[in-house]
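Please open the structure in your viewer and keep the selection panel at hand.

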Amino acid sequence: MTDAPTTATPGTPAPATQTTGPGAGRRGPLALDAGDAARVATFAALIAALGMPGSIALFGNAVPITLQTLGVMLAGTILGAWRGTLAVATFLALAAAGLPVLAGGRGGLGAFVGPSAGYLLGFLAGAAVVGWLVDRLRRVTFGGVLVACLVGGVAVVYACGVPVQSAVTGVPLATTAQLSLVFLPGDVLKALAAAAITVGVVRAYPAARRSGRSAGRPMAVGRTAS
């Protein structure tokens, strides 16, 4: 005895099928939804806003001190490597288009061929490295985030910026590196602030930290023993 074939009645919608499997409902590491796009835009605006107080040039250095590095660090620590880099790229695209989003109200392609060009490109690499390191933390701790900011937001940015500044200005590399040490105390303070802000944000709103490694899952916040 055989089962009678099931035929769909004309005009009756076919029953919905449910897709199951390992990839069902899972977002790719580079996927962006509306919330991600809003976060990227918000952090691009934050980096621009941190340039509003202006810039300070110390001891004749051709590259000024700004607060925008703090925004780059926060983009990496909170958005993760991919989305943080995308936020910085959005900020740089706005600057290249001529919007006065750089510190001191600067903008235009001229900023990308001047002494600061290497630091601006270093923002991209710095956000990527900061985000990559924080993405691999099992828990978001102050110490772990601080190390990520010092490595990506300071060392990587300097590694990109100092050689380009030396080439553009014609100042020897060793002399340029010595002049760049004036940035170090302020950048360490920015790294400390970024670590404190990140831990506070993740503790108050765990879903804010969506990394490429754990997209859609909030990361835990580490607690130190009292």
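Begin by selecting D187, a residue of helix α6 in this predicted model. Is D187 buried or exposed? Its relative accessibility is 5%, and because the cut-off for buried is under 20%, D187 counts as buried. Next, display its surroundings: leaving aside residues up to four places away in sequence, D187 touches T69, M73, V154 and Y158.

Three of these neighbours, T69, M73 and V154, also take part in the contact between α2 and α4. Select that contact now. From α2, T69, M73 and T77 meet V145, C149, G153 and V154 of α4. By type, the residues of this contact comprise four nonpolar, three polar and no charged.

Show the two helices as cartoons and inspect their axes. The axes of α2 and α4 lie 10 Å apart, and the packing angle is about 125 degrees; α2 is therefore oblique to α4. The crossing of α2 past α4 is right-handed.

Now turn to the largest nonpolar core, which has 43 residues. Select F43, V88, F91, F123 and C149, the residues with the most contacts inside this core. The elements that give two or more residues to the core are α1 (34–49), α2 (68–96), α3 (117–135), α4 (142–169) and α6 (184–204). Which element gives the most? That element is α2, with twelve residues.

Finally, centre the view on V88. Not counting residues up to four places away in sequence, V88 touches I47, V72, A75, F123, L124 and A127.

Conventions: Residues are numbered from 1 along each chain as its sequence is written. This is a predicted model: local features need pLDDT of at least 70, side-chain atom pairs count only at pLDDT 80 or more; totals for chains, interfaces and linings use all residues. Side-chain values use heavy atoms; hydrogens and water are left out. A nonpolar core is a set of buried Ala, Val, Leu, Ile, Met, Phe, Trp, Tyr and Cys residues joined through side-chain atoms within 4.5 Å. Buried means under 20% relative accessible area, exposed over 50%, partly exposed in between (1.4 Å probe, protein chains only). Helices (H or I, at least four residues) and strands (E, at least two) are DSSP runs, numbered from the N terminus. Contact means heavy atoms within 4.5 Å. Axes are lines fitted to C-alpha atoms, for helices over the stretch in contact, and angles run from 0 to 180 degrees between N-to-C directions. Angles under 35 degrees count as roughly parallel, over 145 as roughly antiparallel, 65 to 115 as roughly perpendicular and the rest as oblique. A crossing is left-handed if the near helix is turned anticlockwise from the far one by less than a right angle, and right-handed if clockwise. Ala, Val, Leu, Ile, Met, Phe, Trp, Tyr, Cys and Pro count as nonpolar, Asp, Glu, Lys and Arg as charged, and the others, Gly among them, as polar.
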